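Reader: I have a model open and a few questions about it. Can we go through it piece by piece?

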Amino acid sequence: MKIFDPRDASTGPHGVELLDSTVVQRDRQWWMYLAGQPGGFGATDIFSASLANEAPLSVTGWKPTLDTTGELAPVAGKQRSRAWDGNGGRHCPSYVKGWDPARGRSVERIYYAGAAGNLWGPYTIGFLEWDGKGWIDQPEPAFTANEDWEHGSVYEPNLIYHGGKWKMWYVAGSNYDDYLIHGYAESDDGATGWSKHAVFAEPDMKMFDFCVRQRGTGFDAIFARVWVGNGVPPPETGLWWCSAEHPARTFSEWSYPIQIMSAEDRGWHSGPWKPSFQIDEKNPNRAIVFFDGLYPTGEPGPFPFVFTLGCFPVDLP
């Protein structure tokens, strides 16, 4: 089911492409944090949408957060972060709540990839942090490329907090160069002291957005395999599921993956990416999966496509 489409007024995105969702329940209300590009140009930013207070997690009913003028309201300013995310914007948010050992308390963060120069990177990864009243930007990124295989750019972060560690799966490389490699690192505080950046999945996987959630005593992951080259996407392009007894740091430690969505053209989306999911509150064996899509406009221009956000429920093995 389609959630947001800037050319479909019935979905209510106010003419803005809203995608790259991360979904979380905060204070008995479901929230979605997304990347968007007001006006269709310039630096992207992070926005939010929500369901009604105390409403169960659902495919439908999402309402974008607006300001007093009726425009989409960014979740945070850029007073402190402009030097590293001001021109290229904020991309691919990932919400996580974890422990800050320096302050001796839990903190809420929205990690994202920021670009100092332009929309196409190179990227570093940082976060917004909740101070009890709002989301606060940070003066420096928390994670940067430091290995040759990362090709100077890290993005598409997905994090969980588990076992006293902030654990992050991320993409390195460049879509433009058709080089995508998946990495893994962990940290005690999620901001400093990251472990050695390790290869999680090799470039031939074309893995994107390895999103992990705990279910019972085990862990599920849903990830995308993308196609950024020329020609028809191969059959493995799409969304996949796998599981593990613990949030393993190498892909080989997860179960054999099962494809749950193909790249088939459905009119308003094809070649899905950026999966984010939560377990259905009424059925612990079902996930509600959010994903990005796009479709061609048929109009002239350097990028004649529209980005969309969709969702579907899936019964997990």
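Reader: Is strand 20 buried or exposed, for the most part?
Author: Of its 11 residues, 8 are buried, so strand 20 is largely enclosed by the rest of the structure. Buried means under 20% relative accessible area, exposed over 50%, and partly exposed in between, with a 1.4 Å probe and protein chains only. Strands here are DSSP runs (E, at least two residues), while helices are H or I runs of at least four, all numbered from the N terminus.

Reader: What should I know about the model itself?
Author: It is a predicted model: local features need pLDDT of at least 70, side-chain atom pairs count only at pLDDT 80 or more, and totals for chains, interfaces and linings use all residues. Residues are numbered from 1 along each chain as its sequence is written, and side-chain values use heavy atoms, with hydrogens and water left out.

Reader: Back to strand 20. How many bridges join strand 19 to it?
Author: There are 11, and the two strands run antiparallel. Val 289 has Phe 312 in strand 20 as its bridge partner. Strand 1 (residues 2–4) is also joined to strand 20, by 2 antiparallel bridges, and Phe 4 stands opposite Leu 309 there. Two strands pair if DSSP finds at least two bridges between them.

Reader: Which residues touch the most other members in the largest nonpolar core?
Author: Phe 208, Trp 273 and Val 289, out of 30 residues. Such a core is a set of buried Ala, Val, Leu, Ile, Met, Phe, Trp, Tyr and Cys residues joined through side-chain atoms within 4.5 Å. Strand 19 gives the most to this core, with 5 residues.

Reader: And what does Trp 273 touch?
Author: Leaving out residues up to four places away in sequence, its contacts (heavy atoms within 4.5 Å) include Leu 19, Phe 208, Phe 291 and Phe 307.

Reader: Different topic. How many disulfides?
Author: The count is 0, a disulfide being a pair of cysteine sulfur atoms within 2.5 Å.

Reader: Last one: what is the order of the open sheet with 4 strands?
Author: The order is 6-7-8-9, with antiparallel pairing. Strand 6 (89–100) and strand 9 (135–136) are at the edges with a single partner strand each, so one side of each has no neighbour in the sheet. Strand 8 (residues 123–130) pairs with strand 9 over 2 bridges, and Trp 130 stands opposite Trp 135.
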